[in-house]
Amino acid sequence: MNPVAFSDNDWLDAAAALAARGRPLSRPNPAVGALIVKDGRVIGRGWTCEGGRPHAEARAVAQTLALPGNAARGATVYVTLEPCAHESGRGPACADVLRHMGVARVVIGCEDPDPRTSGAGIAKLREAGIAAELLSSPAATRSLEGYLARARLGRPHTTLKLATSLDGCIAMADGTSQWITGPEARAHGHGMRARCDAILVGGETLRTDAPRLDVRLPGLAVRSPARWVLTRGPVPEGWQAIADPAEASFGDAQYLLIEGGAGAAAAFLAADRVDRLLLYRAPILIGAGRRGLGDIGLGLLGDAHGRWCLTDQRRLGSDTLDVYDRIR
């Protein structure tokens, strides 16, 4: 039986899925995925390790070294981000590693915006006679959106999560909000926490609810993100204050999740610092409850259109999740 023939984009999609295993522990490095393919079979795979080293390509190459001979010679490498061109005290440049292994072809899903590598990694490979090809891979770019936001915008990729009733309420009039959504939606939300470097709530939410903001999924407690609060006042130990979403740099965080409440959500939307919306909707009506958003500075109704694109929709138990990306 002949093996299934996969396209370059298929392999890059698989590498992007692999890269997700490195997020967010790879910080400050991007979470990259790499596959080494020969004769239609994967002979090496890797993703960026905790703390940024080893890189994905180095891990994939290490797997091929356990095979007879130089298994990587003549193979094709699929990598989500351009192989680095600069050496450091933590390891050699990945472009050099691939050159020395004698691979025939490297297919890259996204050019590296780091000036130490941008274009230089591809040039190094081509100088060695390797066919280096840069494809426009949506999956690779999406897997790197936190790293790209830091490099291009100087801030993390920011997701706003809202869990509401059908009529847009996040709580009863007295503030009761446990639980609007069901266990499946809440578990999905904890999974999203585990994929972020930091999580943020507003000062009122912190003072009223004293949220833990940890990851309560089996085996993932160590993935609990740093806790930030939008306030100009003092904060408890273990929390970091953010005064202005339009001016804060958020350290080296690549992925930020905003979880509550209406004031914090509105402040980030008004500052145009939200890149993705996670809208969890429960099949309930509350009526005179607390609204999910405050004033976002919208002057004209026409200005509200053309800003968001639906990119995913799914059922989570009895609830619905809609995912929207900001159109820029």
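Helices here are DSSP runs of type H or I with at least four residues, numbered from the N terminus. With that in hand, we can say that Ala 267 sits in helix H9. Keep in mind that this is a predicted model.

**The largest pocket**

- The volume of the largest pocket is about 1100 Å³.
- Its lining is made of 37 residues, and those nearest the centre are Ser 177, Thr 205, Asp 209, Glu 259 and Gly 260.
- Several elements give two or more residues to this lining, among them strand S6 (157–164), helix H7 (183–194), helix H8 (203–209), strand S11 (255–260) and helix H9 (262–270).
- Helix H8 gives the most, with 5 residues.
- By type, the lining residues divide into 14 nonpolar, 13 polar and 10 charged.

**The annotated binding site**

- An unreviewed UniProt entry carries the annotation "binding site" for Ala 163, Trp 179, Thr 205, Asp 209, Gly 261, Ala 262, Gly 263, Ala 264, Ala 265, Ala 266 and Ala 267.
- These positions span 105 residues in sequence and their farthest two C-alpha atoms are 24.5 Å apart, so they do not all gather at one spot.
- From this set, the lining of the largest pocket takes in Ala 163, Trp 179, Thr 205, Asp 209, Gly 261, Ala 262, Gly 263, Ala 264 and Ala 267.

**Two annotated residues up close**

- Gly 261 lies in the loop between S11 and H9.
- Is Gly 261 buried or exposed? Its relative accessible area is 16%, and because buried means under 20%, Gly 261 counts as buried.
- Beyond its neighbours within four places in sequence, Gly 261 is in contact with Gly 202 and Thr 205.
- Ala 267, in helix H9, has a relative accessible area of 25%, so it is partly exposed.
- Which residues does Ala 267 touch, not counting those up to four places away in sequence? They are Leu 230 and Pro 245.

**A residue in strand S15**

- Asp 322 belongs to strand S15 (residues 319–326).
- With a relative accessible area of 5%, Asp 322 is buried.
- The side chains of Asp 322 and Arg 281 are joined by a polar contact of 2.9 Å.
- Leaving aside neighbours within four places in sequence, the contacts of Asp 322 include Leu 277, Leu 278, Leu 279, Leu 310, Asp 312 and Gln 313.

Notes:
Residues numbered from 1 in each chain as written. Predicted model: local features only at pLDDT ≥ 70, side-chain atom pairs only at ≥ 80, totals over all residues. Heavy atoms only, no water. 1 Å grid on protein atoms, 1.4 Å probe; cavity = no way out; pocket = protein on both sides within 12 Å on 5 of 7 lines; lining within 4 Å. Points joined across faces, edges and corners; volume = space filled by probe spheres on them. Nonpolar A, V, L, I, M, F, W, Y, C, P; charged D, E, K, R; others polar. UniProt positions renumbered as here; feature names shortened; annotations may be inferred. Buried < 20%, exposed > 50% of the residue type's maximum accessible area, 1.4 Å probe, protein only. Contact = heavy atoms within 4.5 Å. Polar contact = N/O pair within 3.5 Å; in protein donor to acceptor, adjacent residues only side chain to side chain.
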